[in-house]
Amino acid sequence: MSTETLTTENVGLQEPKIDSIVIRASYLAGWTDCPRRSAAKSLYKIIKNLGFQLRESVKNVSAAIGTGVHAGATHVMREKIEAREAKLTDAIEIGINEFRKESDGGIEFDSKTDSTNTAETQIKNIETAFYYGIAPEINPVDVERRYEAPVKAGFYITGQPDIIELGRLRDIKTGKDGQTYHAQLGGYSLLLKANGLPTPETLVVDWIPRVSTKKPQPEPVIYEFPTSVCEKEAQNVISSIQFQILNFQRNISEGIPERAPSAFPANLMSMLCSEKYCVAHGTDFCPVSKTIKKKEE
C-alpha cells in the first residue's frame, strides 16, 4: 500500500513520539460524518487515560444483529470453500448464538428491534435471504481473514473483509443504506495489495437490511463500486485521520490539553449527534455539544 499521502511531511506536522495507533478500515466510511465522535469511539482508552471524560458506551442492537448475521454467513462461505453444502439451520443457529454473546450484559433496543425474540427472528430472516439470494452466486476463496499494513508515524491500518473471491471483494451490510461504504471497501483493497495479494477488480456490498418483523424481509441488493474510486476515498480519510491524531498528540505534548479535542472537528449537524450514539456527547471532550439542547428521541 502506498503511504505517500500519509506521511507527516505531507500533512505539515512534526512527528511526535507516539505509540502505534490502529486505524480500522471499518471506521473509514463513517469517520468524516463526525471525526470527534469517531475518535472518541476508536481511541476511547487513549482519550480516557489522558484524563478526558467520556461516557460509557452502550451496546446497540443493530450492531449486535449485524455481528450475528456475519457469523452465520461466514459459516456458509467456509463450508462452500471446503466443497460442502452448509445447512441454513446451522447458519441461523450460529448467528443467533453470536448475537447472544454480543448482547450479554445488556443491550439497547430500538424501534425496529424491541426485544431479544425480535432480534433473533430478524437474524433468521436476514440469514435466509443471504442463503438463498446471495450465497449461491459467490465463489469464495477466503473469508474473515484479518490483514494489517503499517503506515508511517506509528500508524497501522487493519481490516477483516467479509468475503474474497477471485477479482472481487464483498462486504455484507444490514443497516439503513448499503451505498455509503466506499472508504471502508477501499481500505480493504489497499490492505490486500499491501499484503501482496491481487487488487480486486470490483468491490461489492451485499445489502440485506434489517426491517421490522411486521414487514416482509426485502430481497438482497448487490452494489458494485469501482476499486480505484474506493481506494482514493480510503486514502483521503486515512490521511485526515492521521493529521487529526498527530495534531491531537501535539497539543497534549505541548501542554495545552484543552485545545486537543478540537483536533477532531465536531459535526453538530450529524444525524448521530446525541448521547445515544456518541460517547463524547455532553462531555469535556466535546464541550460544544453541551450547548445543544437534548434532542427528542
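1. Five residues, Trp31, Phe52, Phe248, Phe264 and Phe285, form one aromatic cluster in this predicted model, where rings of Phe, Tyr and Trp (its six-membered ring) pair if their centres lie within 6.5 Å, with planes under 30 degrees apart counted as stacked, over 60 as edge-to-face and the rest as tilted. By this rule the count comes to eight aromatic pairs. One of them joins phenylalanine 52 to phenylalanine 248, a tilted pair at 6.2 Å centre to centre with 40° between the planes. Since phenylalanine 52 lies in the loop between helix H4 (44-49) and helix H5 (61-81), and phenylalanine 248 in helix H9 (residues 227-253), the pair ties together parts that are 196 residues apart in sequence. Both phenylalanine 52 and phenylalanine 248 are buried, a class that means under 20% relative accessible area, with exposed over 50% and partly exposed in between (1.4 Å probe, protein chains only).

2. Tryptophan 207 and tyrosine 223 have ring centres 6.2 Å apart and planes at 35°, so this pair is tilted. Tryptophan 207 belongs to strand S7 (residues 202-207) and tyrosine 223 to strand S8 (residues 221-226), so the pair ties together parts that are 16 residues apart in sequence. Tryptophan 207 and tyrosine 223 are buried.

3. The charged end of lysine 173 sits over the ring of tyrosine 181, 4.2 Å from its centre; the criterion is NZ of Lys or CZ of Arg within 6 Å of the ring centre and within 35 degrees of the ring normal.

4. As for the fold, the secondary structure of the protein chain comes to nine helices and eight strands, taken as DSSP runs numbered from the N terminus (helices H or I, at least four residues; strands E, at least two). The radius of gyration of the protein chain, taken over C-alpha atoms, is 20 Å, close to the 19 Å that the globule rule (2.2 Å times the number of residues to the power 0.38) gives for 297 residues, so the chain is as compact as a globular protein of that length. Along its principal axes the C-alpha trace spans about 60 × 45 × 30 Å, and 48% of the 297 residues count as buried.

5. On the basis of these values, residues are numbered from 1 along each chain as its sequence is written, and side-chain values use heavy atoms, with hydrogens and water left out. Because the model is predicted, local features need pLDDT of at least 70 and side-chain atom pairs count only at pLDDT 80 or more, whereas totals for chains, interfaces and linings use all residues.
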